[in-house]
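Have the structure open as you read.

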Amino acid sequence: MIKQLAPMAFVLLAVACSDIAAPAPADGGAPVPLDPTAGMVPIEVPAFELAPGAEAVMCSYVPPSGLERWASGAYVNVPGSHHMAVRRIRDARGVVASGPVDCANGDVLAPFGGEGNDFASVGDLFSAGVPELAVTLPDGVAVRVAADEGLLFEVHAVNAATEPRTVHVGYWLATIDAGEVIEEAGSVLAFNQGMTVPPGLSTQTAACEAPSTFRIFTVQSHMHSRGRGFSLHADAREVVSGDASPYYLLPNGGASVAAGEALAWSCDFDNDTGEPLTVGPSVAGNEMCGFVALVYPFTGAHFCHGAP
């Protein structure tokens, strides 16, 4: 689901490419299909098989390219996915291309040797909570992917069909030259790690302190199947509020947040299981409450494991 708050200078869409009118050729023949990946850098991520009725969280690692890239947008196409997180990994260890491997235990770096000073997450790139997503940042704003940074793809997929399914991961980056960059963007990742969702209707809230002064221009909330609503506030000011797990587009260049202000987020749940639900990876048996925000100017990755 996409939540658009007002007209803005950038685009964040989750629509089928067929929804966009294709240009007609000069000879009057059939329209030429648009290619959403034209001019973009493809990132090769291996596919994996999913058995009927199965749910899996699979991780794949793509080593550093050796080139500094400034990513100004992305196109994501992972049919049937619940979400896909893409983490930038500072890699001085020289980890080779690996995966897909099961990473449902919550420690996504464990299959690749675990986190250390020579192998550490430095923030998200363009993650997606919908199967198809196209992102374009404002002019002159881009996320830096350093020459020594690899990418770790965490794909959560569910196969509700009665036949096996191959999960294909499509990921492309739009890039700009370093000389075109006016502001560096980056991610703030927040997660309510300690919550328990009781039976019935409830709202779970957590908070953390803004690490620096920045503008939030996209927010992706994340819940599982019993999430019903989401809101984010900076101190008493509402940043976004609406349905469960959409992407929010903020108008006028984004919402200003000052260093030290409380970033408080709330998730509304309708737990119809009759039992408390704890935090975990399963869509059916667990819940989550968190968000990823792309912000600028960026002064370093920030991870907030908020407490209720």
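The second largest cavity has a volume of about 30 Å³. This is a predicted model, where local features need pLDDT of at least 70 and side-chain atom pairs count only at pLDDT 80 or more, while totals for chains, interfaces and linings use all residues. Residues are numbered from 1 along each chain as its sequence is written, and side-chain values use heavy atoms, with hydrogens and water left out.

A cavity here is a set of points, on a 1 Å grid over the protein atoms alone, where a 1.4 Å probe fits but cannot get out; lining residues have an atom within 4 Å of a point. The volume is the space filled by probe spheres set on the points, which are joined across faces, edges and corners. The structure holds two cavities of 30 Å³ or more, set side by side here:

| Cavity | Volume | Lining by class |
|---|---|---|
| Largest | about 110 Å³ | ten nonpolar, three polar, no charged residues |

Residues lining the second largest cavity include Val188, Pro211, Phe214 and Gly300. Around the largest cavity there are 13 lining residues, and Ser127, Thr218, Gln220, Tyr247 and Leu294 lie nearest its centre.

Now for the strands, which are DSSP runs (E, at least two residues) numbered from the N terminus. Two strands pair if DSSP finds at least two bridges between them. Five strands make an open, antiparallel sheet in the order E8-E5-E12-E7-E9. Strands E8 (98–102) and E9 (119–124) stand at the edges with a single partner strand each, so one side of each has no neighbour in the sheet. Strand E7 (residues 81–91) is joined to E9 by five bridges, and Ile89 has Ser121 as its bridge partner in E9.

What kind of aromatic pair do Phe153 and Tyr171 form? Their pair is edge-to-face, at 5.0 Å centre to centre and 85° between the planes. Rings of Phe, Tyr and Trp (its six-membered ring) pair if their centres lie within 6.5 Å; planes under 30 degrees apart count as stacked, over 60 as edge-to-face and the rest as tilted. Phe153 lies in strand E12 and Tyr171 in strand E14, so the pair ties together parts 18 residues apart in sequence.

Methods
Helix = DSSP H or I, 4+ residues; strand = E, 2+ residues; numbered from the N terminus. 1 Å grid on protein atoms, 1.4 Å probe; cavity = no way out; pocket = protein on both sides within 12 Å on 5 of 7 lines; lining within 4 Å. Nonpolar A, V, L, I, M, F, W, Y, C, P; charged D, E, K, R; others polar.
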